[in-house]
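Work through the exercises below with the coordinates open. Each task is followed by a solution in steps.

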Amino acid sequence: MILSTNLSLVPLCVDFDSPGDYFLFIFHVMSGISTVLVAGSVVCGIISTRALLTQHRFLFMLNTSISDTLTGCGIFYQFLFDVRDEHPSKNGTFYVLTSLLGVNIMTFLFAQFDRYFAVCHPFFYTRHITTKVVICVIFYTWVHVYSVLVIQRIVPLSKAMEIAAYSRISLIVIIITKLSMTVKLFFVVRFQLLREPPGPERDSKKESLLIIIVVVVFFLLFWGPRMFYTIIQRSVHSMSLPVGEPRTSSGRVENCVE
């Protein structure tokens with residue numbers, strides 16, 4: 001029998017009939033706690049240090065850390081309770097929590113653009129890429145991701161499926177762009193570092209290059225398989241859907257929402 005808490009009508013994801021159920025439950029609890037503690041500490045550290053708030057790379061880091069903190073909080077609901085966003089949906093979140101990954105992807109993309117212009121076009125970067133511009137870009141990442149999510153809930157089914165298809169294509173383009181810019185940044189900065197004498201500016205460029213490469217590599221390493229699996233799974237499922245089926249109670253295909 002599935003256990004449930006007194007505070008929620010949503011049942012737990014396991015029935016605790018075997019040691020594996022206890023292990024899975026404890027694993028998800030520890031995963032949520034560690035994610036919230038690590039990402040939350042980064043958020044608190046950046047917000048409490050005014051000098052970091054004036055640096056663009058730390059503003060992007062703050063945005064991803066906020067997203068990660070919310071993701072960690074979402075783990076307690078998504079993985080501890082009987083929840084499924086995919087069709088057929090069951091106690092789902094309408095992809096509100098899973099869309100936090102989209103915020104991170106767009107943030108990493110804009111962070112790479114920021115580093116690219118800082119290194120390859122320093123005069124343009126100094127004059128036009130201000131802290132206000134970066135804050136507006138960060139705000140846009142949230143507006144874009146959740147605006148698409150809302151639009152897919154209110155448009156006709158056929159349009160929602162088209163938007164989902166374009167979203168999957170744009171995700172592939174973003175991944176290719178991130179890889180291409182990382183490779184180009186590596187060679188550009190490496191060439192500049194060889195020409196510049198040792199000093200604070202040279203160390204700053206080297207540190208920025210190292211940070212962006214490490215972040216992109218680890219992000220693609222851990223999230224790449226999941227993203228490609230989601231793209232393939234939803235593409236195959238969308239092609240197999242009969243016209244008008246399946247729908248949710250609100251008349252929407254659940255797996256169309258990114």
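Contact here means heavy atoms within 4.5 Å. The model is predicted.

**Exercise 1. Find the contacts of Phe108, leaving aside its neighbours within four places in sequence.**

Solution. 
- Apply the cut-off: heavy atoms within 4.5 Å count as a contact.
- Phe108 then meets Thr64, Lys178, Val215 and Phe219.
- As background, nonpolar side chains in soluble globular proteins tend to be buried together.

**Exercise 2. Decide whether Leu80 is buried or exposed, and list what Leu80 touches.**

Solution. 
- Locate Leu80: the loop between H3 and helix H4 (100-120).
- Its relative accessible area is 8%.
- Buried means under 20%, so Leu80 is buried.
- Skip residues up to four places away in sequence; Leu80 touches Leu12, Cys13, Phe25, His28, Val29 and Ile75.
- Take Leu12 from that list: Leu80 and Leu12 are 68 residues apart in sequence, yet 5.9 Å apart C-alpha to C-alpha.

**Exercise 3. Classify Gln78 by burial and name its contacts.**

Solution. 
- Gln78 lies in helix H3 (residues 56-78).
- The cut-off for buried is under 20%; Gln78 has 18%, so Gln78 is buried.
- Beyond four places in sequence, Gln78 touches Val83, Asp85, Leu97 and Thr98.

**Exercise 4. Describe the geometry of two aromatic pairs, Tyr116 with Phe117 and Trp142 with Tyr146.**

Solution. 
- The structure holds eight aromatic pairs.
- Tyr116 and Phe117 sit 5.6 Å centre to centre, with 75 degrees between the planes.
- Planes over 60 degrees apart count as edge-to-face, so this pair is edge-to-face.
- Tyr116 is buried at 16% relative accessibility, whereas Phe117 is partly exposed at 26%.
- Trp142 and Tyr146 sit 6.3 Å centre to centre, with 10 degrees between the planes.
- Planes under 30 degrees apart count as stacked, so this pair is stacked.
- Both residues lie in helix H6 (residues 131-154), four residues apart, about one turn of the helix.
- Trp142 is partly exposed, at 21%.

**Exercise 5. Which residues make the nonpolar surface patch of about 610 Å²?**

Solution. 
- The patch is made by Leu210, Val214, Val217, Phe218, Leu221 and Phe222.
- Check one member: Val217 is found in helix H8 (residues 200-239).
- Val217 has a relative accessible area of 44% and is partly exposed.

How values were computed:
Residues are numbered from 1 along each chain as its sequence is written. This is a predicted model: local features need pLDDT of at least 70, side-chain atom pairs count only at pLDDT 80 or more; totals for chains, interfaces and linings use all residues. Side-chain values use heavy atoms; hydrogens and water are left out. Helices (H or I, at least four residues) and strands (E, at least two) are DSSP runs, numbered from the N terminus. Buried means under 20% relative accessible area, exposed over 50%, partly exposed in between (1.4 Å probe, protein chains only). Patches are made of residues with over 30% relative accessible area and no salt bridge: like charges are joined within 9 Å, nonpolar side chains (Val, Leu, Ile, Met, Phe, Trp, Tyr) within 5 Å. Accessible areas come from the Shrake-Rupley method with a 1.4 Å probe; for residues, only the protein chains shown count as cover. A salt bridge is a side-chain nitrogen of Lys or Arg within 4 Å of a carboxyl oxygen of Asp or Glu. Rings of Phe, Tyr and Trp (its six-membered ring) pair if their centres lie within 6.5 Å; planes under 30 degrees apart count as stacked, over 60 as edge-to-face and the rest as tilted.
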